[in-house]
Amino acid sequence: MTREEAIELLMYHSGDHRDIHNPKWSTGFLGSLRPYKGHLIQQNCKEVMACIGALADDLGQGETVGRQAVACLWGICHRARAWGIEPRGMAPSNNLISDEDIGQLDRWIYAISYATMMLLDGAGLEEALSEHRMVIEGH
C-alpha cells in the first residue's frame, strides 16, 4: 500500500473523506459505529493497522508528520471511544452494543493508539505492531 492509498483509506475509516457515497465511508471503522449495526467488522481494524504500517516511515522519522494521517488516526480513536465505549456514548447508552463488543472495540482502539504512539516515539514498526498481533492475531 502506498502512502497516498493509506491516507485515503484512513480518511474513509475516520469519516473524513469527501466521497460519502463510497460504501467504505459507511462501513469503515467509524461508519460502522454510527449508527451501530450490531457487530464489529474486524477487517476495519486490520485495514487501519495496515495503513499505520504503510505510514510507519512518515510517523516514525523526520521532524514533521502529515496532519491528515494523524488527524484520521486520532479521530478514529477518539470518536470510536466516545461513540462505542463511553457509557453515555451512542451505542452503549442505547443498549445497542454488547459488553463483549465494547471490550473488543476497546482493544482495537488501544492497538491503534499504541502503534501510532510507538511510531511517533521512534520505537519502530515491530514494537508498534506488537499490540495488534496480540489483539487481532492472538500472539
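Me: In which helix is R79 found?
Reply: R79 is found in helix α5. Note that the model is predicted.

Me: Why is R79 called partly exposed?
Reply: The relative accessible area of R79 is 38%. Buried means under 20%, and exposed means over 50%. The value for R79 lies in between, so R79 is partly exposed.

Me: What does R79 touch, leaving aside its neighbours within four places in sequence?
Reply: R79 is in contact with S14, L30 and G84. Contact here means heavy atoms within 4.5 Å.

Me: How far apart are R79 and R3, in sequence and in space?
Reply: In sequence, 76 residues separate R79 and R3. In space the two are 23 Å apart, C-alpha to C-alpha.

Me: Why does T116 count as buried?
Reply: T116 has a relative accessibility of 11%. The cut-off for buried is under 20%, so T116 counts as buried. T116 is in helix α7. Not counting residues up to four places away in sequence, T116 touches I52 and L73.

Me: Why is N95 called exposed?
Reply: N95 has a relative accessible area of 69%. Exposed means over 50%, so N95 is exposed. N95 lies in the loop between α6 and α7.

Me: What is the phi of N95?
Reply: The phi of N95 is positive, about 55 degrees, although N95 is not a glycine. A positive phi is also found at G15, near 70 degrees. G15 follows α1.

Me: What makes the peptide bond between R34 and P35 stand out?
Reply: The bond joining R34 and P35 is cis, with omega about -5 degrees. P35 sits in the loop between α2 and α3.

Me: How does the span of α3 compare with the expected one?
Reply: Helix α3 runs over residues 42-54 and has 13 residues. From first C-alpha to last, α3 reaches 19 Å. That is close to the 18 Å expected at 1.5 Å a residue.

Me: Which residues of α3 are buried?
Reply: They are N44, C45, E47, V48, M49, C51 and I52. For α1, the buried residues are A6, I7, L9, L10, M11, Y12 and H13. These buried residues of α1 pack against α2, α3 and α5.

Me: Which residues touch the most other members of the largest nonpolar core?
Reply: The core has 39 residues. L10, F29, L33, V48, I52, L105 and I112 touch the most other members. At least two residues come from each of α1, α3, α4, α5 and α7. Helix α7 gives the most, nine residues.

Me: What does L10 touch, not counting residues up to four places away in sequence?
Reply: L10 touches V48, C51, L55, A69, C72, L73 and I76.

Me: How many cavities of 30 Å³ or more does a search of the whole structure find?
Reply: The search finds one. The largest cavity has a volume of about 40 Å³.

Me: What makes a space a cavity?
Reply: A 1.4 Å probe fits there but cannot get out. Rolling a probe the size of a water molecule over the atoms shows where empty space is left.

Me: Which residues line the largest cavity?
Reply: The lining is made of F29, S32, L33, L40, I41, N44, L105 and W108.

Me: How many residues of each class are in the lining of the largest cavity?
Reply: Six are nonpolar, two are polar and none is charged.

Definitions and conventions:
Residues are numbered from 1 along each chain as its sequence is written. This is a predicted model: local features need pLDDT of at least 70, side-chain atom pairs count only at pLDDT 80 or more; totals for chains, interfaces and linings use all residues. Side-chain values use heavy atoms; hydrogens and water are left out. On a 1 Å grid over the protein atoms alone, a cavity is a set of points where a 1.4 Å probe fits but cannot get out, and a pocket is an open set with protein on both sides within 12 Å along at least five of seven lines; lining residues have an atom within 4 Å of a point. Grid points are joined across faces, edges and corners, and a volume is the space filled by probe spheres set on the points. Ala, Val, Leu, Ile, Met, Phe, Trp, Tyr, Cys and Pro count as nonpolar, Asp, Glu, Lys and Arg as charged, and the others, Gly among them, as polar. Helices (H or I, at least four residues) and strands (E, at least two) are DSSP runs, numbered from the N terminus. The expected span of a helix is 1.5 Å times one less than its number of residues. Buried means under 20% relative accessible area, exposed over 50%, partly exposed in between (1.4 Å probe, protein chains only). A nonpolar core is a set of buried Ala, Val, Leu, Ile, Met, Phe, Trp, Tyr and Cys residues joined through side-chain atoms within 4.5 Å.
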